[in-house]
Amino acid sequence: MEKEINFINQEYIENLLIEAKDTNYKEISRILDAAQNREGLTHKEVASLLEIKDEEQKRRLYKIAGELKKSIYGNRIVVFAPLYVSDYCVNNCTYCGYKRDNDFPRKKLSRDEIQKEVKLLEKMGHKRLALELGEDPINVPIEYTLDAIDAVYTTKFENGAIRRINVNIAATTVQNYKKLKDADIGTYILFQETYHKPTYEKVHPKSLKGNYEYHLTAFNRAMEGGIDDVGGGVLFGLADYKYEIISLMLHNEYLEENYGVGFHTISVPRIKKAEGMSLEEYPHQIDDDTFRNIVAIIRLAVPYTGMILSTRETAELRRELIKYGISQISAGSSADVGGYSDREEGKTRTQFELADHRTPLEVLKELLDEDYIPSYCTACYRMGRTGDRFMELAKSGNIQNVCSPNALLTLMEYAMDYGDEELTEKVKTVIARELENISREDIKQLTKEKLEKIKNGERDLYL
Ligand code: SF4
Ligand code: SF4
């Protein structure tokens with residue numbers, strides 16, 4: 001049966017937002033009570049929550065979001081890095097430095113160059129990558145992406161290995177999604193950029209990407225191609241953020257209803273200065289305070305969806321947003337093709353400006369100081385625990401039984417391979433504390449055994 005694709009109903013969303021304008025203090029308190037009691041929020045309640053203004057209520061919102069996050073994710077924060085392999089692009093997205101109209105020498109990495117980048121990423125301790133490339137069917141066909149994935153997975157440097165590649169390529173066909181699935185990708189990531197169709201068409205002029213419906217239904221085709229882990233997102237600053245949040249909720253529900261599983265992750269990038277654009281042309285940019293609300297409200301609206309924050313944001317803000325809902329962060333990132341190799345010589349070009357330039361080691365130390373457990377775990381994907389199998393475990397809360405020990409194991413592995421003395425001490429303290437917190441004796445015992453094996457250099461542990 002043909003699936004209904006008009007799930008982003010502009011009139012419905014706009015009416016919801018207009019009605020929500022009258023939300024009073026009392027109603028917001030009631031919604032916060034419901035959120036605290038884990039009752040699940042309706043579209044209308046989320047629209048009302050987006051009208052929050054009172055400072056005390058905002059603090060309560062952050063607290064509830066933080067508690068909800070902790071109950072689902074514990075103290076774990078997943079760490080990853082992007083890998084840009086090509087800046088060829090036939091599109092003309094007004095906000096992007098790689099747009100067609102920007103005249104600069106385009107680059108795509110050869111297999112050798114990709115391997116060089118991967119070794120540098122492995123040297124930093126990374127195990128998870130997000131593969132990034134622009135859209136260009138002639139210069140960068142699907143075969144190029146498949147070869148790049150193979151180059152990444154087969155490159156090993158000392159004890160390092162990339163165990164999961166999430167892929168962010170342009171909306172494509174079912175057939176191409178099948179190829180990505182066969183290449184063992186982790187999550188297929190595609191940002192809608194904006195769900196507001198008139199804005200979408202304005203910021204994607206005269207280009208392949210300009211087809212709103214084709215872009216919006218990319219996850220349908222990905223699911224039909226066998227990919228059951230998909231990651232959505234919007235670029236905050238293009239259109240009204242309230243419109244985007246309700247749309248993310250609708251898209252997530254649509255995927256759940258039609259394919260049995262919603263977004264695995266949602267990314268929350270904010271528009272940044274890039275080559276050939278001026279931020280003044282974007283009146284919907286959001287300040288830090290609004291951004292805090294957005295992260296907390298998304299956490300309440302879609303509790304089981306991971307939330308990703310990149311190094312576009314400053315270390316200070318990232319530190320804070322992790323408390324309210326972020327579950328995955330990038331670290332030590334370069335947003336440039338060949339950027340890891342070029343870094344020491346001074347960068348020339350970037351897709352957009354970055355704000356957090358710390359190394360993964362520095363980020364990990366800070367996370368540990370704040371009582372988080374940085375995790376390089378990729379076990380679910382390696383065990384075939386994706387899509388609805390993953391969501392069932394997540395929603396029942398049983399995922400904690402595997403996540404916590406796995407996070408500790410990957411942290412221990414990182415400390416042994418890449419840590420300095422200071423980090424190793426911090427990791428030892430965290431492991432001792434966390435082993436105490438694991439309530440099931442069998443899991444505690446197994447974790448101890450596996451930690452021993454890591455010390456002896458054994459790696460095949462489904463980390
Ligand atoms: Fe190309 Fe992506 Fe940049 Fe658009 S956002 S110009 S599709 S690289
Ligand atoms: Fe993520 Fe699965 Fe590892 Fe938990 S066990 S941290 S959900 S990969």
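**Ligand sites, cavity and domains: close-up views**

The second largest cavity has a volume of about 390 Å³, a volume being the space filled by probe spheres set on grid points joined across faces, edges and corners. The model is predicted: local features need pLDDT of at least 70 and side-chain atom pairs pLDDT 80 or more, whereas totals for chains, interfaces and linings use all residues. Residues are numbered from 1 along each chain as its sequence is written, chains are lettered from A and ligands numbered from 1 in the order written, and side-chain values use heavy atoms, without hydrogens or water.

View 1. A search of the whole structure finds 4 cavities of 30 Å³ or more (a cavity is a set of points, on a 1 Å grid over the protein atoms alone, where a 1.4 Å probe fits but cannot get out; lining residues have an atom within 4 Å of a point).

**View 2. Shell around ligand 2.** Ligand 2 sits in the second largest cavity (more than half of its atoms lie within 2 Å of the grid points). Around it are Arg76, Arg128, Cys377, Thr378, Ala379, Cys380, Arg385, Phe390, Ile399, Cys403 and Asn406 (a heavy atom within 4 Å). By class, 6 are nonpolar, 2 polar and 3 charged. Helices H16 (379-382) and H18 (399-418) each supply at least two shell residues (DSSP runs of H or I, at least four residues, numbered from the N terminus), and H18 gives the most, with 3 residues.

**View 3. Domain 1 and domain 2.** The chain is divided into domain 1 (70-352) and domain 2 (382-455), with bounds from an automatic or database domain assignment. Their centres, taken over C-alpha atoms, are separated by 27 Å.

**View 4. Shell around ligand 1.** Ligand 1 is surrounded by 9 residues, the closest being Cys89, Asn91, Cys93, Cys96 and Lys99. This shell divides into 4 nonpolar, 3 polar and 2 charged residues.

Note on methods: On a 1 Å grid over the protein atoms alone, a cavity is a set of points where a 1.4 Å probe fits but cannot get out, and a pocket is an open set with protein on both sides within 12 Å along at least five of seven lines; lining residues have an atom within 4 Å of a point. Ala, Val, Leu, Ile, Met, Phe, Trp, Tyr, Cys and Pro count as nonpolar, Asp, Glu, Lys and Arg as charged, and the others, Gly among them, as polar.
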